[in-house]
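My entries follow in the order I made them.

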Amino acid sequence: MDDYPLLNVFWTMLWFFLWILWFFLLFKIITDIFRSNDMGGWGKAGWIIFVILLPFLGVFVYLIARGKSMGERDVEQAQKADAAFKAYVKDAAGSSGGGQGPSHADELAKLAELKSSGAISEAEFQKAKDKLLA
């Protein structure tokens, strides 16, 4: 290792990092090809063959041709995942003793609304909240 200059170590690390980055990009594009709904089976097969047989050219052409829609699909998938998570949390928080009647979270929200509108005082709010949470 004594005959390997420090600059060559940095260059080797840079090329290794770029090589790993290239594989991440390649896998990202392959996943995007398969999750694309606006492309048929033959189109997907063509892109996969192009990306596998000519990887550098295929990836660059794919990014130029479909890069914008690739980002839109990422955003759409993130929004769907967020909506599913929020629905799950709302369902889990909203379930009270058998699912009949309003949940504790709904009743606490109503109490907070009544308090902020001035319909009940702070003491009444605390008493109702303690009764609800007991």
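Where is S36 found? I located S36 in the loop between α1 and α2 (41–53). I kept in mind throughout that the model is predicted.

**Entry: S36**

I then looked up its side chain and found a polar contact of 2.4 Å with the side chain of D38. Setting aside neighbours within four places in sequence, I listed K44, R66 and R73 as the contacts of S36.

**Entry: R73**

R73 was on that list, so I turned to R73 next, which is buried with a relative accessible area of 11%. R73 sits in helix α3. Not counting residues up to four places away in sequence, I noted that R73 touches D32, R35, S36, D38, Y62 and R66.

**Entry: the largest pocket**

Which residues line the largest pocket? I wrote down R35, S36, N37, D38, S69, E72, R73, E76, Q77 and K80. S36 and R73 from the entries above are both among them. The space in this pocket comes to about 190 Å³. I also looked up which element gives the most to the lining, and that is helix α3 (residues 55–94), with 6 residues.

**Entry: helix α1**

For burial along α1, I listed W22, L26, I29, D32 and I33 as buried. I set a general point beside that list: an α-helix has 3.6 residues a turn, so residues three or four places apart point the same way.

**Entry: K28**

I picked K28, in helix α1, and asked what its side chain meets. A polar contact of 3.0 Å joins the side chain of K28 to that of D74. Leaving aside neighbours within four places in sequence, K28 is in contact with R35, M70 and D74. K28 is partly exposed because its relative accessible area is 33%, which lies between the cut-offs of 20% and 50%. I also took one separation, K28 to Q126: 98 residues apart in sequence and 53 Å apart in space, C-alpha to C-alpha.

**Entry: I30**

I30 is found in helix α1 too. At 21% relative accessibility I30 counts as partly exposed, since buried requires under 20%. Leaving aside its neighbours within four places in sequence, I found I30 in contact with I48 and V51. From I30 to E76, I noted 46 residues in sequence and 18 Å in space, C-alpha to C-alpha. E76 had already come up in the pocket lining.

**Entry: helix α4**

I looked up helix α4 (residues 104–117) last, and it has 14 residues. From its first C-alpha to its last, α4 reaches 20 Å, close to the 20 Å expected at 1.5 Å a residue. What follows α4? I found G118 there, with a positive phi near 90°.

Notes
Residues are numbered from 1 along each chain as its sequence is written. This is a predicted model: local features need pLDDT of at least 70, side-chain atom pairs count only at pLDDT 80 or more; totals for chains, interfaces and linings use all residues. Side-chain values use heavy atoms; hydrogens and water are left out. Buried means under 20% relative accessible area, exposed over 50%, partly exposed in between (1.4 Å probe, protein chains only). Helices (H or I, at least four residues) and strands (E, at least two) are DSSP runs, numbered from the N terminus. On a 1 Å grid over the protein atoms alone, a cavity is a set of points where a 1.4 Å probe fits but cannot get out, and a pocket is an open set with protein on both sides within 12 Å along at least five of seven lines; lining residues have an atom within 4 Å of a point. Grid points are joined across faces, edges and corners, and a volume is the space filled by probe spheres set on the points. Contact means heavy atoms within 4.5 Å. A polar contact is a pair of N or O atoms within 3.5 Å; within protein, one must be able to donate a hydrogen and the other to accept it, and residues adjacent in sequence count only if both atoms are side-chain atoms. The expected span of a helix is 1.5 Å times one less than its number of residues.
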